Amino acid sequence: MSIEAPKGTHDVLPREWPAWQRVLDEAERLCAAYGYRRIVTPTFEETELFARSSGEASDIVSKEMYSFEDRGERSLTLRPEGTAQVCRAYAEHGLQREPQPVKTWLVAPMFRYAKPQKGRYREFWQLNVEAIGCEDPAVDAELIALQDAWLKALGLETTLLLNSIGDRACRPAYLERLEAWLDEHSSELDAEARHKRETSSLRVFDTKNPELAALLEGAPTIGDALCAECREHFEAVKRYLDACGVAYELAPRLVRGLDYYTRTTFEFVAPGLGAQDTVSAGGRYDYLVETIGGPPTPAVGFASGIERIVLSLEEQGEHFEHPAIDVFFVCEPDAPRERVLALMTALRAQGRSCETDFAGRSLKGQLTQAQRLGANLIVIAAAGQATLRRSGKPDETMSYEMLEEELA
Ligand code: ATP
Ligand code: MG
């Protein structure tokens, strides 16, 4: 019996890596351009961290966490998301004493027990970008502009959906109105919506059931109930996005799946991904740091699914290749292999990429392999001399001493 990767996990094969590399390189480049610095957090945390931050009724806490007892000592959980971790690190290391906001980015695998399907895995990679310690709506706009620039640099067509879901001041009164409306329509709600109502009724809007979504078109929306401060904050976010040339669609029923979100809420959706069409999502979470024991700290962030972005690039017919190598050494049967290997080592030390044959190929086979790798230069090594082959030029045969000079 052969062993396969666990259900819901996947390999990224070497031939698939160039697309990943492109996506991650652009992320790294833009995060640097926007002043975000890298952070690395552990793969598992105390279960309590996610239980407390995400909300009991969230999909993550209620059914998706990979939790285990650590040798009977405490309950640990493979991270299902990154934001709570970054906030934990912020509070734990007193990062509120550093210049604010603390702007971080994280690329890491996340673990969620879900039904595997296209664009949905049990282990998947996310880019998490957070700006912690600042209420300024310009930071919300900056984060959104960063995502927009990233997705555009990758050539992805996406739509940005934007909303504000209020704060402690205005949300309670709105929730009362929403509750009353949901009471009136309780017979039409699905089981999931009833369950969410028990803890966080705003999240009934976060549904994949089209009938429920249609019904909720008639429900009161938070936008009409925002307090003056939230309204002003949201207006400023929109003005700054306009100034940065970022297009958005207002989505009055857009909420996020986790309880910790406040105010600005957004999602980037890509066509062609079917039901799993959200490639990047996030918002403000002004109460999260204090929920996990830190000082009151406003913050905003987003998370993007790397697999979904790679999938949508494929969907759009984009194709990525490994970079071509600099030099390929074709070896005749009597070639001095020690000399070739020494030369390759010296070239690699200078930062040039080179390759040779390790599979006993014929001369013809080696030349084909050199072409496959896109070699800029081909060296055909023979007993006392070598031939240099460059495209568009006649072959030049020379001694090894001359070859070394030529390649240097
Ligand atoms: P969904 O509604 O699709 O379940 P979510 O609200 O749970 O998404 P977030 O927690 O906001 O997602 O995560 C941010 C992003 O991470 C998503 O927009 C998506 O691109 C990606 N993502 C989330 N869950 C998965 C998964 N199981 N497999 C692959 N990517 C995922
Ligand atoms: Mg989910």
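Modeller: S164 is buried, with a relative accessible area of 1%. Buried here means under 20% relative accessible area, exposed means over 50%, and partly exposed is in between, using a 1.4 Å probe and the protein chains only. Please keep in mind that this is a predicted model: local features need pLDDT of at least 70, side-chain atom pairs count only at pLDDT 80 or more, and totals for chains, interfaces and linings use all residues. Residues are numbered from 1 along each chain as its sequence is written, chains are lettered from A and ligands numbered from 1 in the order in which they are written, and side-chain values use heavy atoms, with hydrogens and water left out.

S164 sits in strand β7 (residues 159–164). Strands (E, at least two residues) and helices (H or I, at least four) are DSSP runs, numbered from the N terminus. Leaving aside residues up to four places away in sequence, S164 touches I222, L226, F234, R263 and T264; a contact of this kind means heavy atoms within 4.5 Å.

Most residues other than glycine have a negative phi, and most peptide bonds are trans. R71 also has a positive phi, near 50°, without being a glycine. R71 is placed in the loop between β3 and β4, and with a relative accessible area of 77% it is exposed. As for the peptide bonds, the one from Q100 to P101 is cis, with omega near -5°; P101 is in the loop between α4 and β5.

From there, let's move to the ligand. Ligand 1 is surrounded by 13 residues, and the closest are R112, Y121, K208, R256 and T278; a residue counts as near when one of its heavy atoms lies within 4 Å. By type, this shell divides into five charged, four polar and four nonpolar residues. Ala, Val, Leu, Ile, Met, Phe, Trp, Tyr, Cys and Pro count as nonpolar, Asp, Glu, Lys and Arg as charged, and the others, Gly among them, as polar. Strands β6 (123–132), β10 (278–284) and β11 (299–305) each contribute at least two residues to the shell.

R112 brings a polar side-chain atom to 2.9 Å from an oxygen atom of ligand 1. T278 has a polar backbone atom 2.9 Å from an oxygen atom of ligand 1, and V279 has a backbone N or O atom 3.5 Å from one. Of the 580 Å² of accessible area that ligand 1 has on its own, the protein covers 91%; such areas come from the Shrake-Rupley method with a 1.4 Å probe, and for residues only the protein chains shown count as cover.

Burial shows up again in helix α2 (residues 47–54): six of its eight residues are buried, so the helix is largely enclosed by the rest of the structure. The buried ones are T47, L49, F50, A51, S53 and S54. Their cover includes β2 (44–46), α3 (59–64), β3 (67–69), β4 (75–78), α4 (83–92) and α10 (288–291).

Finally, the charged pairs. The structure holds 27 salt bridges, each a side-chain nitrogen of Lys or Arg within 4 Å of a carboxyl oxygen of Asp or Glu. One of them joins R197 and D183, with the closest N and O atoms 2.7 Å apart. R197 lies in helix α7 (residues 191–197) and D183 in helix α6 (residues 171–184), so this pair ties together parts that are 14 residues apart in sequence. R197 is buried at 17% relative accessible area, whereas D183 is partly exposed at 48%. The side chains of D286 and R284 form another salt bridge (2.8 Å, N to O), and both D286 and R284 are buried. R22, E26 and R29 are linked in a network of salt bridges.

How values were computed:
Polar contact = N/O pair within 3.5 Å; in protein donor to acceptor, adjacent residues only side chain to side chain.
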